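Trainee: I have a structure to learn today. Can we go through it by question and answer?

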Amino acid sequence: MTERAPVSRKLSAIAESATLKVDAKAKALQAAGRPVVSYAAGEPDFATPQFVVDAAAEALRDPANFRYTPAAGLPVLREAIAAKTLRDSGLEVAPSQVIVTNGGKQAVYQAFQAVVNPGDEVLLPAPYWTTYPEAIALADGVPVEVFAGADQEYKVTVDQLEAARTDKTTALVFVSPSNPTGAVYTADETKAIGEWALAHGIWVISDEIYQNLVYEGARAVSIVEAVPELAGQTILVNGVAKTYAMTGWRVGWMVGPADAIKVAGNLQSHLSSNVNNIAQRAALAALTGPQDEAEKMRQAFDRRRGLIVSELAKIPGVTVPNPLGAFYVYPDVTGLLRREWDGVRIDTSLELADYILERAEVAVVPGEAFGPSGYLRLSYALGEEQLLEGVQRLQRLFG
Ligand SMILES: Cc1ncc(COP(=O)(O)O)c(C=O)c1O
């Protein structure tokens, strides 16, 4: 008998999402009755606003929503997304430049598929969201990490990007506010990076999914607002998940120049077709309805941010840059490594995260999921009481 052919080599090289893995482990422990405090989730803990749920319920009564609709999205939603893009990213686009995707994740995947050719190098500022290197590899591109540590508030500079640029560099990933660090580039920093990309004909994949979650008066200026000429070589990625507590609804989008949107739309027409119409109607309500509930959630995140940053900073050996966006804090924990804790030798943040889960029943995601070791990601999308309980356990563990 001839042996069966192996499974795909390309897919075998793709790692499981590390953040989903930690989150699943924490949830399993909680389900088993363990009092785990989890900072692992990448999603708001709030319920989706009721008027959005009502719009979905209403959509369920319209049989038009039970049919296939255009693969690139409902025309009315693409229009609303174009209006939102002008409002929040300062870019005027036609609805035909928008594709509604199954979450921002599909937009990320399709963006790289649309602009990367085999062997192209894609500059990836690190720490990075764990999906990027895999999505780049799936497009046969080569991710080139450019690391920025806590000393530079996790923000790369033009000099660093230029040092990493080769004649194979064709794209840059730009994420502000960032997952995992919560860093927000200033308008000047964004402009400098945009001008550099423009000068070298480099595509920019700008992930703006956290753009509405900013604090202390910070504004996440879109790279296409900072450098309008960059619009012809930029793909914006966004979605309703984080701003409107709609992670499970799976609605995101990509916006870009006509040629990139055309090829990405062709891909989506074979891959997944239209996003669930009920969810699209819900997203339409979220984008066009009152924004006060989203604002209340933002304010709650801001309070929790203040709490977790000040409490974490009390732990000796932990450095906590002040995150101005998203709902993550990314402490540098190198001061806790390369030593013994209660008889256990700990060298990496991966070992540290395991130790914390075991000894304090607190779930955090180790820096290894996002680039170099030496960091932890804590999401503060959880209630204030739990949030405090968890950091107090860490203070006792390392006090
Ligand atoms: C930076 C970033 N981009 C995109 C996404 C995708 O979000 P979704 O697919 O839920 O819309 C996430 C989710 O964690 C994210 O953190």
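Predicted model: local features only at pLDDT ≥ 70, side-chain atom pairs only at ≥ 80, totals over all residues.

Trainee: Which residue does a cis peptide bond join to Pro177?

Mentor: Most peptide bonds are trans. This one is cis, with omega about -5°. The residue joined to Pro177 by that bond is Ser176.

Trainee: Where does Pro180 lie, and what is omega for the peptide bond from Asn179 to Pro180?

Mentor: Pro180 lies in the loop between S5 and H8. The bond from Asn179 to Pro180 is cis. Its omega is near 20°.

Trainee: Now the ligand. Which residues surround the ligand?

Mentor: Asn179, from the cis bond to Pro180, is one of the residues around the ligand. Others in the surroundings include Trp129, Tyr132, Asp207 and Tyr210. The list also includes Gly103, Gly104, Lys105, Ile209, Ala241, Lys242 and Arg250.

Trainee: Which part of Lys105 lies 2.9 Å from an oxygen atom of the ligand, backbone or side chain?

Mentor: Look at Lys242 for contrast: a polar side-chain atom of Lys242 is 2.7 Å from a ligand oxygen. For Arg250, a side-chain N or O atom is 2.7 Å from an oxygen atom of the ligand. For Lys105, the atom is an N or O of the backbone.

Trainee: What share of the ligand's accessible area does the protein cover?

Mentor: On its own, the ligand has 400 Å² of accessible area. The protein covers 92%.

Trainee: Next, the helices. At what angle do H3 and H11 cross?

Mentor: Helix H3 spans residues 50–59 and helix H11 spans residues 277–288. Their axes come within 8 Å. The crossing is right-handed. The angle is roughly 140°.

Trainee: How many charged residues are in the contact of H3 with H11?

Mentor: H3 brings Phe51, Val52, Ala55, Ala56 and Ala59. H11 brings Ile278, Arg281, Ala282, Ala285 and Ala286. By class there are 9 nonpolar, no polar and 1 charged.

Trainee: Is the crossing of H4 and H11 left-handed or right-handed?

Mentor: The axes of helix H4 (residues 75–89) and H11 come within 10 Å and cross at roughly 30°. Among the residues that meet are Leu77 and Ile81 in H4, and Leu284 and Leu287 in H11. The contact has 7 nonpolar, 2 polar and 3 charged residues. The crossing is left-handed.

Key:
Residues numbered from 1 in each chain as written. Heavy atoms only, no water. Axes fitted to C-alpha atoms, helices over the stretch in contact; angles between N-to-C directions. Helix = DSSP H or I, 4+ residues; strand = E, 2+ residues; numbered from the N terminus. Left-handed = near helix turned anticlockwise from the far one by under 90°. Contact = heavy atoms within 4.5 Å. Nonpolar A, V, L, I, M, F, W, Y, C, P; charged D, E, K, R; others polar. Near = heavy atom within 4 Å. Polar contact = N/O pair within 3.5 Å; in protein donor to acceptor, adjacent residues only side chain to side chain. Areas by Shrake-Rupley, 256 points an atom, 1.4 Å probe, with all protein chains shown as cover.
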